[in-house]
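The sequence and structure come first, then the notes by topic.

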Amino acid sequence: MKITIVGSGYVGLVTGACLAEVGNHVVCLDVDVTKIGILNNGGIPIHEPGLLEMVARNRAAGRIAFTTDVEKAVAHGEVQFIAVGTPPDEDGSADLQYVTAAARNIGKYMTGFKVVIDKSTVPVGTADKVAAALGDELGRRGVHHPFTVVSNPEFLKEGAAVEDFMRPDRIVLGCASDENGERARRVMRSLYSPFQRNHDRMLFMDVRSAELTKYAANAMLATRISFMNELANLAEVLGADIELVRQGIGSDPRIGYHFLYAGCGYGGSCFPKDVQALQRSGMEAGRPSRILEAVEAANEAQKSVLVDKLVARFGEDFSKRRFAVWGLAFKPNTDDMREAPSRVLIRQILARGGAVTAHDPVAMDEARRVLALDYEHEPALLERIAYAETPEAALEGADALVIVTEWKAFRSPDFDAMQRQLSEKVIFDGRNLYDPERIAGYDLDYIPIGRPIHRSTVAAA
Ligand SMILES: NC(=O)c1ccc[n+]([C@@H]2O[C@H](COP(=O)([O-])OP(=O)(O)OC[C@H]3O[C@@H](n4cnc5c(N)ncnc54)[C@H](O)[C@@H]3O)[C@@H](O)[C@H]2O)c1
């Protein structure tokens with residue numbers, strides 16, 4: 001099948017590569033000349049396990065190409081995926097300007113029948129807007145070409161995106177009920193059949209239900225996280241251990257273990273904006289969501305729990321303090337810094353006069369870029385952020401360690417070296433990585449989230 005992907009970011013590039021991998025011919029379009037340049041030079045602009053090799057393999061086989069040429073890209077595929085960004089607008093609603101621009105481009109250049117697929121996360125009713133924009137462009141040209149708009153939200157997780165796409169839990173497809181919708185259904189079936197050889201994972205539904213399904217999924221996951229974070233804060237006050245509570249409730253199959261980890265707040269390019277966009281949709285429809293309002297407020301507050309713990313230990317003035325920060329990306333196995341809790345923590349440390357030495361296994365370049373922009377007008381603050389090439393090097397000259405992202409590489413550190421390097425001998429763990437009993441033999445205080453503080457007894461002994 002010939003497929004065009006409009007937007008070659010996390011979702012577009014993974015979608016394109018995986019569709020090429022099963023034998024399709026894919027053209028990926030982007031307006032970002034730098035991104036397309038990197039791709040055409042054999043690189044990839046993001047960190048995603050397995051993606052570089054997959055793109056290289058399919059490029060060499062002539063099954064995937066990258067371009068900024070809109071006309072050429074639109075001419076290529078009978079199937080046109082829209083996978084552009086839908087960032088939050090000022091009022092929290094999804095900004096649809098990139099989706100609309102992508103639809104208009106298709107309308108400007110299409111010649112025959114096209115199945116246009118919304119893969120971007122978009123509010124209910126967007127497929128109608130895409131159809132209207134496309135129809136408008138066809139009208140301007142005075143031509144009539146048949147098309148249909150399918151809603152096919154993406155559920156991949158950054159850090160495991162290739163695996164998720166190749167072995168999806170489900171493939172949600174919202175199609176119109178008319179003749180073109182029926183035709184699209186057949187196209188979708190053959191497009192996705194290579195990804196579900198074991199059993200049928202396709203869920204066909206109407207377009208609006210498919211659009212809402214994506215927001216419902218992310219809002220549910222965000223709700224679980226905020227719920228556990230609130231419980232963790234309560235557990236701390238009540239003298240309970242959230243890790244034991246997590247196991248106690250996760251073992252109930254109605255609840256399950258996934259997404260029950262307390263931490264220092266969710267971030268990333270999806271949860272924060274999708275929760276807000278669904279809230280906005282609710283307000284506009286006269287059905288505001290009290291739950292989502294609380295989910296968001298709880299998350300905002302949670303991003304400050306680490307600094308609250310630092311203040312409780314060291315007081316408000318950090319001017320003589322340097323903190324080692326382990327983990328900058330919003331989650332492991334990605335270099336994505338969008339809405340990363342590390343950015344909030346670093347700002348709060350700098351605002352109190354402190355300094356930071358940060359390490360992340362893959363997000364250092366992206367962090368340097370993003371933080372340079374964050375502090376563009378505050379060079380004095382930017383100067384207080386240093387980067388270390390290894391986790392151990394970040395500890396040098398630091399008073400304490402603060403863990404923000406749960407990278408595997410942080411799970412079994414050299415506590416012996418740590419107790420020698422950290423002048424205040426304390427770990428603030430925003431992801432509850434360690435078993436307190438393991439730390440018990442070291443001269444280290446351990447301050448996790450929602451669990452009892454473990455104070456070193458080694459020095460006193
Ligand atoms: N990142 C995720 O984990 C994830 C998961 C599921 C769904 N989504 C959704 O998928 C969509 C894309 O997310 P992403 O993370 O891939 O974004 P991204 O910012 O990484 O990529 C979007 C790309 O679209 C390009 N673009 C913008 N306008 C364009 C146009 N008119 N023509 C061609 N290219 C254009 C941008 O230059 C950019 O490269 C969003 O709606 C997001 O909510 C993301």
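Which residues touch the most other members of the largest nonpolar core? They are Ile427 and Tyr434, in a core of 60 residues. The model is predicted, so local features need pLDDT of at least 70 and side-chain atom pairs count only at pLDDT 80 or more, while totals for chains, interfaces and linings use all residues. Residues are numbered from 1 along each chain as its sequence is written, and side-chain values use heavy atoms, with hydrogens and water left out.

**Nonpolar cores**

- A nonpolar core is a set of buried Ala, Val, Leu, Ile, Met, Phe, Trp, Tyr and Cys residues joined through side-chain atoms within 4.5 Å; buried means under 20% relative accessible area, exposed over 50%, and partly exposed in between (1.4 Å probe, protein chains only).
- Ile427 is in contact (heavy atoms within 4.5 Å) with residues including Leu401, Phe415, Met418, Tyr434, Asp445 and Ile447, leaving aside neighbours within four places in sequence.
- In soluble globular proteins, nonpolar side chains tend to be buried together.

**Helix α14**

- Helix α14 (residues 341–351) has buried residues at Pro341, Ser342, Leu345, Ile346, Gln348, Ile349 and Leu350.
- Ile346 has a relative accessible area of 0%, so Ile346 counts as buried.
- Ile346 touches Leu328, Val356, Leu371, Tyr375 and Ile385, not counting residues up to four places away in sequence.
- The C-alpha atoms of Ile346 and Leu381 are separated by 9.9 Å, and these residues are 35 apart along the chain.
- After α14 comes Gly353, with a positive phi near 90°.

**Asp274 in helix α11**

- Asp274 belongs to helix α11 (residues 271–284) and is buried, because its relative accessibility is 2%.
- Beyond residues up to four places away in sequence, Asp274 touches Thr121, Lys214, Tyr215 and Asn218.

**Surface patch**

- Leu234, Val237 and Leu238 make a nonpolar surface patch of about 330 Å².
- Patches are made of residues with over 30% relative accessible area and no salt bridge, with like charges joined within 9 Å and nonpolar side chains (Val, Leu, Ile, Met, Phe, Trp, Tyr) within 5 Å. A salt bridge is a side-chain nitrogen of Lys or Arg within 4 Å of a carboxyl oxygen of Asp or Glu.
- Accessible areas come from the Shrake-Rupley method with a 1.4 Å probe, and for residues only the protein chains shown count as cover.
- Leu234 lies in helix α9 (residues 207–238) and has a relative accessible area of 43%, so Leu234 is partly exposed.

Note on methods. Helix = DSSP H or I, 4+ residues; strand = E, 2+ residues; numbered from the N terminus.
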